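Good morning, and thank you for coming. I would like to take you through one structure, and I ask that you keep the sequence and the coordinates in view as I speak.

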Amino acid sequence: MDTGPRSGEKRPRTVAPAQNKRNKGKAKISYEDSISAMATVFVAKQERAVSSMESRQTDPHSEDLFEQITEIMSRYDSSDDDDDVILLVCVMNSVIRKIRRQSRIPKHVSSFSGHEKMCELITGHEGLLLEHIRMNRDCFHRLVTLFTVQNRLQETHTLIVQEQLMMFLTMVAHGDSNRRTSYEWKHSGETVSRYIDTISSHLVQLVSRFIVPPDFDDVSTVIAENRRFFPYFQGCVGAIDRTHIPCVVDADVAAAYRNRKGFTSQNVMAVVDFEMKFTYLVAGWEGSCHDARVLNVATSNPAFMFPHAPEGKYYLVDAGYKNKPGFLAPFRGQNYHLHDRRREDGDRRKEMFNYQHASLHNVIERTFGVWKSRFRILRGIPRYPLEKQRDIVIACAVLHNFIKLFSSEEAAFNPEDDVVDDGNAEDDVGEASTQQQQQQREESNDMGHIRDHIANAMWNDRLD
């Protein structure tokens, strides 16, 4: 009876014979059979090598290899001993590997390199450059200077700064994928991804320089020179709204980013002036987040650096936001959009105010339309990390303002064809919901008085 190991002793391990289920039941291959198999392989390699080399005899390197194969074949004899067969197989393997290396077709075989493509665009027709990168030649040179003077981008042995920027601009302008950009510019996917990340990050750092608050002491010429808006909206300094940019997210956070239309997106809130330039932008919010919440957080949290309007000035907002100091909303429960038909039971005074309000607030919808037409990557950003997707949105806003500032010729887009109808205005305006009624009760009396004063002045001037 085994009572176990004594004190200080170790029980010896019992090692069972190894059982290889894969080789179970198979006969052991003899040394002679192995040599015979190697000889058969050698003959097969001969035939494949000869066939490959005959198809490439126009290449001088192929002729040298063909002579080597012929010499190896002449040495082979079925009566050779085993060592000679093994040596010949080894030599033949080396020759075959060399054939494969020379027969490998490179991925980027076009004689038209990325550098040559860049030179053709810069020196070619202005319209072609405008179509590819959405800015004219002078504007592009200004952008290159901006990045080189501040050492944001540096020339490498394969890419100069102009090509780096042009590769980025064509990708965001046309919404090309990483693979497509890699093919078009003859660079690896890793190189393309690295410069997309680098340039978008540098553009985000330029937000404070190109996305600046409006001049609160100035009255826009769009208002001052239009009798429909002046003097009623002379205190207006811009318009606020949101838009949804499609994004790609992981499954564990997809529910938070899925908006009410069923696709995943990031909620982007923007402020624009009446020259269609961004004066403030916040991106990266979940698509399911309510518009009013984004505005409330941006205005209440100093970290967001929202440009608050001084007393007597205000931004135009739609009915999805609350009418409060600094934000002028339309009357709820009344027709709002210009294409709406007048209701006989409606308040004509309030309807008239809403129509003029909608006409002036529409500048932000037109800005979103031009922005998304100019940078088609905003219609579907590739599968990048969420932070990188957010940076691309902000970078496109910076480029939009840069083009507005320095490009004398803008791309001939038709904004009406590319405006993304978010549907928020139609859903938020009309008969007030329970939430809207609660907001209406909380509206500031000050902005309510301003709105009533503007509505009365418009109606009285119309009667006069």
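Let me begin with a salt bridge in which the side chains of R390 and E387 meet, at 3.9 Å from N to O. A salt bridge here is a side-chain nitrogen of Lys or Arg within 4 Å of a carboxyl oxygen of Asp or Glu. R390 and E387 are 3 residues apart in helix α16, so about one helical turn separates them. Helices (H or I, at least four residues) and strands (E, at least two) are DSSP runs, numbered from the N terminus. E387 is exposed, with a relative accessible area of 53%, whereas R390 is partly exposed at 30%. Buried means under 20% relative accessible area, exposed over 50%, and partly exposed in between, with a 1.4 Å probe and protein chains only. The areas themselves come from the Shrake-Rupley method with that 1.4 Å probe, and for residues only the protein chains shown count as cover.

A word on provenance. This is a predicted model, in which local features need pLDDT of at least 70, side-chain atom pairs count only at pLDDT 80 or more, and totals for chains, interfaces and linings use all residues. Residues are numbered from 1 along each chain as its sequence is written, and side-chain values use heavy atoms, with hydrogens and water left out.

How many salt bridges does a search of the whole structure find? The search gives 10. One of the salt bridges joins E126 and R137, whose closest N and O atoms are 2.7 Å apart. E126 lies in helix α5 (residues 126-133) and R137 in helix α6 (residues 137-149), so this pair ties together parts that are 11 residues apart in sequence. Both partners are partly exposed: E126 has a relative accessible area of 22%, and R137 has 25%. Elsewhere, K117, R180 and E184 are linked in a network of salt bridges.

The closest N and O atoms of D273 and K277 are 3.7 Å apart. E275 lies in the loop between β2 (265-272) and β3 (278-286), and E275 is partly exposed at 32%. M276 belongs to that loop as well. The phi angle of M276 is near 65 degrees, a positive value in a residue other than glycine, and M276 is buried, with a relative accessible area of 15%.

E275 also takes part in a surface patch of negative charge, where it gathers with D215, D217 and D218. Patches are made of residues with over 30% relative accessible area and no salt bridge, with like charges joined within 9 Å and nonpolar side chains (Val, Leu, Ile, Met, Phe, Trp, Tyr) within 5 Å. Lys and Arg count as positive and Asp and Glu as negative, while His and the chain ends are not counted. The place of a charge is taken as NZ of Lys, CZ of Arg, CG of Asp or CD of Glu.

M305 sits in the loop between α13 (291-300) and β4 (314-316), and at 67% relative accessibility it counts as exposed.

Now to the aromatic side chains. The structure holds 12 aromatic pairs. Rings of Phe, Tyr and Trp (its six-membered ring) pair if their centres lie within 6.5 Å; planes under 30 degrees apart count as stacked, over 60 as edge-to-face and the rest as tilted. The rings of F233 and F353 have centres 6.0 Å apart and planes at 35 degrees, so the pair is tilted. This pair links distant parts of the chain, 120 residues apart: F233 in the loop between α11 (221-224) and β1 (236-246), and F353 in helix α14 (residues 348-361). Both F233 and F353 are buried. F402 and F406 also form a tilted pair, at 4.9 Å centre to centre with 55 degrees between the planes. F402 is buried at 3% relative accessibility, whereas F406 is partly exposed at 29%.

F229, F233, F331 and F353 form one aromatic cluster. Finally, a cis peptide bond joins F230 and P231, with omega about 10 degrees, and P231 is placed in the loop between α11 and β1.
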